[in-house]
Amino acid sequence: MRAMRRLLAGALALGVGLAVAQQRQIPLDQLRSGLAYAGGDVRALQADEFANPAQLWLQRGEQRWSEPVGRSGKSCMDCHGAVKDSMRGVAARYPALDGPSGQPFLLEDRIRLCRSRHQQGPELAFESDELLSLSLYVSQASTGLPLSLAIDAQARPHLRAGERIFMQRRGQLNLACTHCHDQNYGRRFYTDPLSQGQPHSYPVYRLEWQKVGSLERRLRSCFVGVRAEPLPWGAAEVRQLALYLGWRAQGLALEVPAVRK
């Protein structure tokens, strides 16, 4: 509780305004993976290719990639070929704007749309194992590549909206994302050190969840953590926030499959 009070006191003493768009709060050379703040047991689990529990979801994603589904009778592989070739670099560009709608999409949104529109199959539910397995399998093809989002004139209003959400105080704790992940990373909140809140390892296996989960699930959990009402699944604000997080993390290499506490 004492550590929490210190964090709250420091946060309340800091006035938070909207940062100038596309001005980093954390310089490129100071970006750190969330793994840098994890314990040795978590780091060892992630590094062990056989013990890493996310491997189960990767195997399932590989199976789903080659399975025909829907009225089209086609699999993902029929259109895209092998993941390691056709999907290399794709996850490093997400979130990205969807051309027809002009809205930011997470990689999971793109997979859901492909399933329903092109494969003419049933829409994959948010946070379903099937969706997460495919997302993880596609993301793994970009492991080691730096995040590199396309922020053009159409995307910039969404980026600014995401930045406002990141800087906005909310919940009973009256905290903004920036208080923890820009201004206090490395300090302890309760028993765990705060990370920089980087999005480069999703979908990620979290020990507290005992399964793989999406960035959207993690953001909803953060809202609950500051005792604020979580945004609904599929909310545009979540995607705008994810777009800002992705821009903020540009240059940080994708890290999949990852494990966190």
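Valine 204 stands opposite alanine 258 in β7. Strand β5 (residues 204–206) is joined to β7 by three bridges, and the two run parallel. Helices (H or I, at least four residues) and strands (E, at least two) are DSSP runs here, numbered from the N terminus. The model is predicted: local features need pLDDT of at least 70 and side-chain atom pairs count only at pLDDT 80 or more, while totals for chains, interfaces and linings use all residues. Residues are numbered from 1 along each chain as its sequence is written, and side-chain values use heavy atoms, with hydrogens and water left out.

β5 belongs to an open sheet of three strands in the order β6-β5-β7, with mixed pairing. Two strands pair if DSSP finds at least two bridges between them. The edge strands, each pairing on one side only, are β6 (211–213) and β7 (258–260). From one strand to the next the twist averages 40 degrees.

The loop between β5 and β6 holds glutamine 210. Its phi is near 60 degrees, a positive value in a residue other than glycine. Glutamine 210 is exposed, with a relative accessible area of 54%; buried means under 20% relative accessible area, exposed over 50%, and partly exposed in between (1.4 Å probe, protein chains only). Another positive phi in a residue other than glycine is that of glutamine 120, near 55 degrees. Glutamine 120 is found in the loop between α6 (107–118) and α7 (129–140), and at 33% relative accessibility it counts as partly exposed.

Proline 257 is in the loop between α11 and β7. The peptide bond from valine 256 to proline 257 is cis, with omega near 0 degrees. The bond from tyrosine 94 to proline 95 is also cis, with omega near 5 degrees; proline 95 is placed in the loop between α5 (83–86) and β1 (96–97).

Helix α11 is mostly covered, with eleven of its 13 residues buried. Among them are Val238, Leu241, Tyr244 and Trp247. What covers the buried residues includes β2 (104–105), α6, α8 (156–167), α9 (177–181) and α10. At 1.5 Å a residue, the 13 residues of α11 should span 18 Å, and the end C-alpha atoms are 18 Å apart, which agrees. The expected span is 1.5 Å times one less than the number of residues.

Helix α10 (residues 215–225) packs against α11 (residues 236–248) at an angle of about 105 degrees, with the axes 11 Å apart. Axes are lines fitted to C-alpha atoms, for helices over the stretch in contact, and angles run from 0 to 180 degrees between N-to-C directions. The two helices are therefore roughly perpendicular to each other, a label for angles of 65 to 115 degrees; under 35 counts as roughly parallel, over 145 as roughly antiparallel and the rest as oblique. Leu215, Glu216, Leu219 and Phe223 in α10 meet Val238, Arg239, Leu241, Ala242 and Leu245 in α11, where contact means heavy atoms within 4.5 Å. By class, this contact has seven nonpolar, no polar and two charged residues. Ala, Val, Leu, Ile, Met, Phe, Trp, Tyr, Cys and Pro count as nonpolar, Asp, Glu, Lys and Arg as charged, and the others, Gly among them, as polar.

Helix α3 (residues 55–65) and α7 pack at about 90 degrees, with their axes 7 Å apart. The residues of their contact divide into seven nonpolar, three polar and five charged.
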